[in-house]
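Keep the sequence and the 3D view open as you go.

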Amino acid sequence: MKRLNAVPTDRVHLWLMLALTFSTGVVDAVGYLGLDRVFTGNMTGNVVLLGMAFAGGSDLPILRPALALVFFMLGAALAGRMLRKGPEGWSGRTSIALTVVAGGLTALAIFVAVADVQGNEILGSITTSTMAAVMGVQAATAKRLKVAEITTVVVTSTITGLASDSRLAGGQSKFWQRRALAIGLILAGALAGAAALKVDLWLGLAISAALSIAVAVAGYVRHHRERGADVTTGAAGAEAG
């Protein structure tokens, strides 16, 4: 425990956001492979799917990707509004936002375990829309934490940065390790999500829920300890004065 406490806060936040990046890969695999080709974390995928569908692409979904896009933005907007009133970095509002993510994914895992969301169009659309809203909250929270090069939901810009800033491109390869980790983890998450579908639809959501719970708890505990240390330091300083 002492070793963990010695780790800089920025490093802890990086680890937590990388865990959520893996979780996004799981959720996107569940949405795309298990629920009619819908990306619930990577909105770029939905925009491209909608463009091809509007152009007459055969058998491409329109309703669910469109709903996912709208609900992702709604989740991000609500989270952004709440987080904007809080301080920079981790705060009590950050813990609340990530608790919402964890709670939403847990509820979805239970819901898809008991309801036939793959056989019922309405239930399926409700599921993917809710998944997207939860991922919107997660993305807005990650953005607020400002962990460099880690958004938890987008890797295209990460891949671009990895290549354009590499030594091959004449750069200094800044942040190459975290960029490579983010790319690898979202890939690993997609692999895990696809494998989980071989068991059942709920399993992938349960994995993501467990990760989100762990991140929310770890972040809260770290923040709480830091606040306690600040109070102790302030009190000691006052007594010395």
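**Exercise 1.** Where is the place of Thr40? Work out its surroundings too.

*Solution.* This is a predicted model, where local features need pLDDT of at least 70, side-chain atom pairs count only at pLDDT 80 or more, and totals for chains, interfaces and linings use all residues. Residues are numbered from 1 along each chain as its sequence is written, and side-chain values use heavy atoms, leaving out hydrogens and water.

Step 1: Thr40 sits in the loop between helix H2 (9–34) and H3. Helices are DSSP runs (H or I, at least four residues), numbered from the N terminus.

Step 2: Thr40 has 0% relative accessibility, so Thr40 counts as buried (under 20% relative accessible area, with a 1.4 Å probe and protein chains only).

Step 3: Leaving out residues up to four places away in sequence, Thr40 touches Val27, Asp28, Phe72, Thr128, Met131, Ala132 and Met135. Contact means heavy atoms within 4.5 Å.

**Exercise 2.** Is Met43 buried or exposed? Then find its partners.

*Solution.* Step 1: Met43 belongs to helix H3 (residues 43–54).

Step 1: Its relative accessibility is 11%, so Met43 is buried.

Step 2: Apart from neighbours within four places in sequence, Met43 contacts Ala68, Leu69 and Phe72.

Step 3: Between the C-alpha atoms of Met43 and Phe72 there are 8.0 Å, while along the chain the two are 29 residues apart.

**Exercise 3.** In which helix is Arg93, and how accessible is Arg93?

*Solution.* Step 1: Look in helix H5 (residues 92–114) for Arg93.

Step 1: With a relative accessible area of 32%, Arg93 is partly exposed (between 20% and 50%).

Technical notes:
Helix = DSSP H or I, 4+ residues; strand = E, 2+ residues; numbered from the N terminus.
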